[in-house]
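Biologist: Before we discuss any assignment, I would like to see the model itself, and then to go through the terms one by one.

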Amino acid sequence: MLEMVEQLRKKLDDIDQRMSDPAIGSDQSRMKELGRERRRVAEMLEVGEKYRAVVKAVNEAQEIIDADEDEELVAMAREELAANEEILPDLEMAFRLKLLPPDPADDRAAIVEIRAGTGGEEAALFAGDLFRMYQRYADHKHWKLEVLNSNETGLNGFKEIVFSLDGEDAYGMMKYESGVHRVQRVPVTETQGRIHTSAVSVAVLPEAEDVDVEVKESEIKVDVYRSSGPGGQSVNTTDSAVRITHFPTGLVVTCQDEKSQHKNKAKALKVLRARLYDRIIEEQRQKVDAERRSMVSTGDRSAKIRTYNFPQSRVTDHRINLTLYKLEPVLGGDVDLLIEPLREHDQQRRLNLQEV
């Protein structure tokens with residue numbers, strides 16, 4: 001473990017040297033990749049340095065105790081030894097978790113697709129609530145949010161909304177949100193005060209870069225048509241909406257939020273690349289380790305992952321049996337209350353697999 005700290009120091013120095021190379025500095029894609037790697041190595045080294053300092057303090061205190069020359073000094077050393085030995089296991093565990101190989105997609109931007117499921121208009125309303133929850137979460141994280149496509153309903157809900165989140169560790173955090181989100185509450189459309197249960201599906205995909213997925217013009221069909229739904233000006237009065245069909249996979253992507261047909265096509269291609277890239281990395285995950293598709297990972301998007309119970313102000317994540325009576329803060333954007341425990345659980349599971 002201590003040798004690993006030294007290796008991380010050397011690796012960080014090596015990255016800094018490469019980033020200062022003018023030849024690399026002119027390659028924005030390479031610089032972005034090195035920046036991600038530097039941030040990850042620096043985070044590991046920070047925890048490693050804390051671990052190393054405590055190990056050193058434990059050894060020095062033990063040496064003083066073993067020497068047994070000064071009674072007062074020995075007494076102080078015993079106190080210091082006890083204090084450091086208490087925190088050492090947690091620091092060692094934190095360092096081991098940091099050393100786990102990262103998911104190569106974690107640093108990427110995320111494409112999030114929210115779709116209303118069972119529950120009709122109430123499901124669409126909750127899809128809107130989830131979108132606004134993630135919107136506030138993005139604000140907290142200082143991520144950039146861009147709506148790629150949406151299909152609004154008349155009551156401020158969405159049958160479907162697709163958006164991108166670009167920022168530090170966006171996909172790495174948001175990937176735990178994939179699955180079916182269930183809501184239990186009295187809908188605004190309910191006249192007799194009965195609690196209804198509705199469902200919304202969320203799919204989170206890592207955004208693909210051009211080098212990851214090549215979409216050939218010969219493999220796609222692009223249709224243009226008039227936008228529908230709430231709009232105005234020229235949004236739903238011209239043939240600006242775009243539908244792209246990918247022949248090899250049968251995937252269909254639509255985008256109608258922009259007035260410009262070219263902008264809609266660019267956004268639709270971004271979503272298509274993300275879906276194709278997601279297929280590629282999912283196939284790789286299955287080949288490398290079937291366990292990676294656990295219920296905490298991004299695997300089964302048809303599984304019910306969470307329930308939002310409004311009468312009890314309760315949020316339950318069924319994957320790790322976590323229940324919080326903090327519905328308002330969560331919907332207000334404090335999604336880390338759920339994501340952090342999921343992330344820690346996933347890291348611990350990966351560490352256990354690595355040690356087997």
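Modeller: In the hairpin of E9 and E10, which has four residues between the strands, Ser313 takes a positive phi near 50°. This is a predicted model, in which local features need pLDDT of at least 70 and side-chain atom pairs count only at pLDDT 80 or more, while totals for chains, interfaces and linings use all residues. Residues are numbered from 1 along each chain as its sequence is written, and side-chain values use heavy atoms, with hydrogens and water left out.

Biologist: How do you know that E9 and E10 pair?

Modeller: Four bridges join E9 to E10, and the criterion asks for at least two, so the two strands count as paired. They run antiparallel, and Asn309 stands opposite Arg314 in E10.

Biologist: Why is Ser313 called partly exposed?

Modeller: Buried means under 20% relative accessible area and exposed over 50%, with partly exposed in between (1.4 Å probe, protein chains only). Ser313 has 30% relative accessibility, so it counts as partly exposed. His142, which lies in the loop between helix H5 (120-141) and strand E2 (144-152), also has a positive phi, about 60°, although it is not a glycine; at a relative accessible area of 71%, His142 is exposed.

Biologist: What makes E9 largely enclosed by the rest of the structure?

Modeller: Five of the six residues of E9 are buried, so the strand is largely enclosed. On its other pairing, five bridges join E4 to E9, which run parallel, and His181 stands opposite Arg306 in E9.

Biologist: Why is Val183 called buried, and which residues does Val183 touch?

Modeller: Val183, in strand E4, has a relative accessible area of 0%, and is therefore buried. Taking contact as heavy atoms within 4.5 Å, and not counting residues up to four places away in sequence, Val183 touches residues including Glu122, Phe126, Tyr308 and Phe310. Its C-alpha atom is separated by 6.0 Å from that of Asn309, 126 residues apart along the chain.

Biologist: What makes E2 and E11 the edge strands of the sheet?

Modeller: The open sheet of eight strands has the order E2-E3-E1-E5-E4-E9-E10-E11, with mixed pairing. E2 and strand E11 (322-324) each pair on one side only. Within the sheet, seven bridges join strand E4 (residues 179-185) to strand E5 (residues 196-206), which run antiparallel.

Biologist: Why is H1 called roughly antiparallel to H3?

Modeller: Axes are lines fitted to C-alpha atoms, for helices over the stretch in contact, and angles run from 0 to 180 degrees between N-to-C directions. Angles under 35 degrees count as roughly parallel, over 145 as roughly antiparallel, 65 to 115 as roughly perpendicular and the rest as oblique. Helix H1 (residues 2-19) and H3 pack at an angle of about 150°, with their axes 9 Å apart, and that makes H1 roughly antiparallel to H3.

Note on methods: Helices (H or I, at least four residues) and strands (E, at least two) are DSSP runs, numbered from the N terminus.
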